[in-house]
Amino acid sequence: MRFARILALLLAFATIGISGFLLYRTPFAWLHLIPANIGVLASLYFWRKAPKRKKARKTAAMASCAVVPFIAASAVMSLFLSPVRVWPIFMTLTALGIMVAIVAILRIERKQAHVWADYYADVS
């Protein structure tokens, strides 16, 4: 889950950084930045530590899946509310969010399909 966590943190910091820059450039157009920041900050709660147990890995992966509609909503809102053309930036962040979700979900499946998975569960 280390790679998925790194990607999730990269997505969070990129979204917050881009939102800060856009807020600096156009302080009067801030309404379209809210959904992306809420979604990323909510998923950041689940990725604050590397998830070790199966349930924690599943919740972190589902949080990564839940981020995608929030960032896409920011892209759609920026089409109507932003004077600057920033929807491609948010669509790129949406694509990165989809990649984070896929990596996290695949990592859950790979951990469960490991040959020694039952042995590790019995020992710990």
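Tutor: The model is a predicted one, and the residue I would pick is Ser 64, which is found in helix 3, spanning residues 54–81. Because its relative accessibility is 4%, under the 20% limit, Ser 64 counts as buried. Its side chain is joined to that of Trp 47 by a polar contact of 2.9 Å, and, leaving aside residues up to four places away in sequence, Ser 64 touches Trp 47, Gly 97, Val 100 and Ala 101.

Turning to the nonpolar cores, the largest has 13 residues, among which Leu 11, Leu 22, Val 40, Val 67, Ile 71, Phe 90 and Leu 93 touch the most other members. At least two residues of this core come from each of helix 1 (2–25), helix 2 (34–46), helix 3 and helix 4 (87–112). Val 40, for its part, touches Ala 12, Thr 15, Val 67 and Ile 71 when residues up to four places away in sequence are not counted.

For the chain as a whole, there are 5 helices and 0 strands, and 35% of the 124 residues count as buried. Among contacts with a separation of 6 or more, 74% are between residues 24 or more positions apart, while the chain exposes about 7900 Å², of which carbon and sulfur atoms supply 70%.

Terms used: Residues are numbered from 1 along each chain as its sequence is written. This is a predicted model: local features need pLDDT of at least 70, side-chain atom pairs count only at pLDDT 80 or more; totals for chains, interfaces and linings use all residues. Side-chain values use heavy atoms; hydrogens and water are left out. Helices (H or I, at least four residues) and strands (E, at least two) are DSSP runs, numbered from the N terminus. Buried means under 20% relative accessible area, exposed over 50%, partly exposed in between (1.4 Å probe, protein chains only). A polar contact is a pair of N or O atoms within 3.5 Å; within protein, one must be able to donate a hydrogen and the other to accept it, and residues adjacent in sequence count only if both atoms are side-chain atoms. Contact means heavy atoms within 4.5 Å. A nonpolar core is a set of buried Ala, Val, Leu, Ile, Met, Phe, Trp, Tyr and Cys residues joined through side-chain atoms within 4.5 Å. Accessible areas come from the Shrake-Rupley method with a 1.4 Å probe; for residues, only the protein chains shown count as cover.
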